[in-house]
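Hello,

Here is the structure I promised to hand over. Please look through it first, then read my notes.

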Amino acid sequence: MSIEPTFSNPEGGAPGRKPRVALVFGGRSSEHAISVSTAGSVLRAIDRTVYDVLPIGITHDGRWSLTTDESSRMAITDGRLPSVEQVAESAEGQVVLPVSPASREVVWNEPGAVPKALGEVDVVLPLLHGPWGEDGTLQGLLELSGVPYVGSGVLASAVGMDKEYTKRVFDSFGLEVGPYTVVRPREWETEAGRAAARERVAGLAMPVFVKPCRAGSSMGITLVKDLSELDAAIEEARRHDPKVIVEEGLSGREIECGVLEFEDGPRASLPAEIKVGGEFEFYDFEAKYIDSSEVEVPARLTAEATERVRQLAVRAFEALGCEGLARVDFFLLEDGRWVVNEINTMPGFTPISAYPKMWEASGVPYPELIDRLLQAALRRPTGLR
């Protein structure tokens, strides 16, 4: 579909020009490859008649680099995971973002060469997943720089990334969460602490899921059916995050719901249901991205249940103070209760991701979805709001 530009020229920008979008992806977290794949999908869908696009990838070691605009090189194909290093224009050059609100000029530095001005950026679309990108750190940098960006601010991003504090906030707002315990970094470093952690986990009903507390894309998760498996599962989770959360396994349907901010406030999409089949016991990384488990959109729910989960999704979005977009994950238990599992403040936009599929089914196709997110970010000021 054709998107009519609704861009209001930013202060200092040339009149009548297209808004310039810095697409930032990759990053230092274990979700690097998913972020690259997401960026490839967005590059294919964004309307170039409306927006100028500057793709910027962050390598595994944190270097900001100009990258190719060839989305096909960013896809997950035959189990091969893409990286920024594979699509970077230079192995040594580095993008430098503005560090004050006085300028939105982006500069390219390369060893032995004169710095090159790349022009102003009007809005950043941060497609990073996990720590050092989705957790409020990048959002804080952009706030300091005075550059508008898509998605939640510092606090909502940080709380949404930490599964423990997400649950604490949800619980304080009257949203039901499942039983859990947290194994903190210093606790696991002493034998007394380990014993205390094992005792708390023993108080949960088996099986339990052992997860990195501040990671996503189902990285580092282990299904533990017996306490004898606990230590190894915690060590696996700690490879991704020294802070570990252990959640009681809930028996029910896995339902997801997308939230998108419109001019009159946040609205929820039709929900989706995650169906894991074959050899997979749960929705782990391989089931999600390699084997491509089924995402049924819309979920087969009664009209009453559909309306209920959409209401709860918006309540969760508002509870954390989210902006722009989010995906809220639920369990529908056998007794009819809805339990909020977690929230994702920057959900995946890969071809198999549930978030764009849910909005497509709700009447907002992929290009329009991206346009709505960018336009909302361009309208929104940085700073306290």
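This is a predicted model: local features need pLDDT of at least 70, side-chain atom pairs count only at pLDDT 80 or more; totals for chains, interfaces and linings use all residues.

Residues are numbered from 1 along each chain as its sequence is written, and side-chain values use heavy atoms, leaving out hydrogens and water.

The C-alpha trace spans about 60 × 50 × 45 Å along its principal axes. Of the 385 residues, 56% are buried (under 20% relative accessible area, 1.4 Å probe, protein chains only).

Now strand 16, residues 325–333. Nine of its nine residues are buried, so the strand is largely enclosed by the rest of the structure. L325, R327, D329, F331 and L333 point one way. A326, V328, F330 and L332 point the other way.

Its partners come next. Strands pair if DSSP finds at least two bridges between them. Strand 12 (residues 252–262) pairs with strand 16 in the antiparallel sense, over nine bridges. There, R327 is the bridge partner of G258. Strand 17 (residues 338–344) also runs antiparallel to strand 16, joined by six bridges. On that side R327 stands opposite N344. Strands 16 and 17 form a hairpin with four residues between them. In the turn, G336 has a positive phi of about 90°.

Best wishes

Conventions:
Buried means under 20% relative accessible area, exposed over 50%, partly exposed in between (1.4 Å probe, protein chains only). Helices (H or I, at least four residues) and strands (E, at least two) are DSSP runs, numbered from the N terminus.
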